[in-house]
Amino acid sequence: MDPLIIAGHTFHSRLFIGTGKFGSHDLMRQAIEASGCGLVTVALRRVDLDKNPEGDPLISKLDPKKIVIVPNTSGARTAEEAIRIARLARAAGGFDWIKLELTPNLHHLLPDPIETLKAAEVLVKEGFTVLPYINADPVLAKRLEEAGTAAVMPLAAPIGTNLGLRTRDMLEIIVANARVPVVVDAGLGMPSHAAAAIELGADCVLVNTAIAAAADPVGMAKAFAKAVQAAEEGLAAGPRAARATADASSPLTGFLWQTESR
Amino acid sequence: MTVTVNGNTRPLGDAKTLAGLLAALNVKTSKKAVELNGQIIPSSAFATTPVTANDQIEIIQFVGGG
């Protein structure tokens, strides 16, 4: 496979990791290092002035020389809120990559397509590298690509569900039509789900809950990295197409009960 | 004399500038973003930006997220 390039940046792993839900910052850092991933997402929240006015040290645990740090707009319900968060992220950390995440409904956390497109149009003009988290909608994916997003990030299943590739058929259509990288985000629960996403043609996967909430996050990060790499190597090795009828692997001649073969 | 910081009312105290207020709140300013009345203030301007009663201030940080 060709190397994964997003907005001119080459990634050597097709696994991206979200930094939420880890039991500690050290566990998070170890899992990221063990996975070899080249991009992580972070969120923005208010400083807790009573409990921890100095702030969460999370960002100091990530080295921007080694890894691309992508703030998300989680919590935003409208384009206006997402744009505000993107600008705050740029002001706080100098980060120009932004994962657009607009989830008006906290029950299902599915992304609002209209607000996402509106926000993308503004942020692309402001020079952000925009990675929009979307439902697996091929038409929306194309509209975002046309608006200048650097990739599209369709979901496999709702955030944090670990349900796997529930949107497979739509993802296949997105992959077949996309001219920007497709990062399957959200809902991947097992390494096999990530491998299947790469095998169906996705360029990359983003995993958070499945790794961070595992009993052994470092072990799970390694397992996801291996699964993604195995899928990539399998594709590079040129898999033979599936077929509907059997095709014997063993010779169909020379059976031992045959008496006269001619 | 109070200001609203991250949604809560706080005494302004002796703070005359954003930098003074942040110091009084024990906020470390590294990798934080600050909004004053809806406008993002670059950290280079904290020391020269005045704060006055009833200002609305947001102090934002990075946390773990997907």
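How many residues does the contact take from chain B, and how many from chain A?

Modeller: This is a predicted model, in which local features need pLDDT of at least 70, side-chain atom pairs count only at pLDDT 80 or more, and totals for chains, interfaces and linings use all residues. Residues are numbered from 1 along each chain as its sequence is written, while chains are lettered from A and ligands numbered from 1 in the order in which they are written.

Chain B contributes 21 residues to the contact and chain A contributes 30 residues (residues are in contact if their C-beta atoms, placed from the backbone, lie within 7 Å). On the side of chain B that touches chain A, two or more residues come from each of β3 (33–36) and β5 (56–64) of chain B (strands are DSSP runs of E with at least two residues, and helices runs of H or I with at least four, numbered from the N terminus). The largest share of that side belongs to β5(B), with seven residues. Sorted by class, the side of chain B that touches chain A comprises ten nonpolar, six polar and five charged residues (Ala, Val, Leu, Ile, Met, Phe, Trp, Tyr, Cys and Pro count as nonpolar, Asp, Glu, Lys and Arg as charged, and the others, Gly among them, as polar).

Strand pairing also links the chains: β4 (residues 39–46) of chain A runs antiparallel to β5(B), with five bridges between them (strands pair if DSSP finds at least two bridges). Within this pairing, Gln61(B) of β5(B) lies opposite Arg45(A).

Chain A has a further sheet, which is open and consists of three strands in the order β6-β7-β8, paired in parallel. Its edges are β6 (97–100) and β8 (153–154) of chain A; each has a single partner strand, so one side of each lacks a neighbour in the sheet. Strand β7 (residues 129–134) of chain A is joined to the parallel β8(A) by two bridges, and Ile134(A) has Pro154(A) as its bridge partner in β8(A).

Because seven of its nine residues are buried, α6(A) is largely enclosed by the rest of the structure (buried means 20 or more other C-beta atoms within 10 Å of a residue's own, exposed 12 or fewer, and partly exposed in between, with C-beta atoms placed from the backbone). Among the buried residues of α6(A) are Pro191(A), His193(A) and Ile198(A). The buried residues of α6(A) pack against β3 (15–18), β9 (183–185), β10 (204–207) and α8 of chain A. After α6(A) comes Gly201(A), with a positive phi near 115°.

Note on methods
Contact = placed C-beta atoms within 7 Å.
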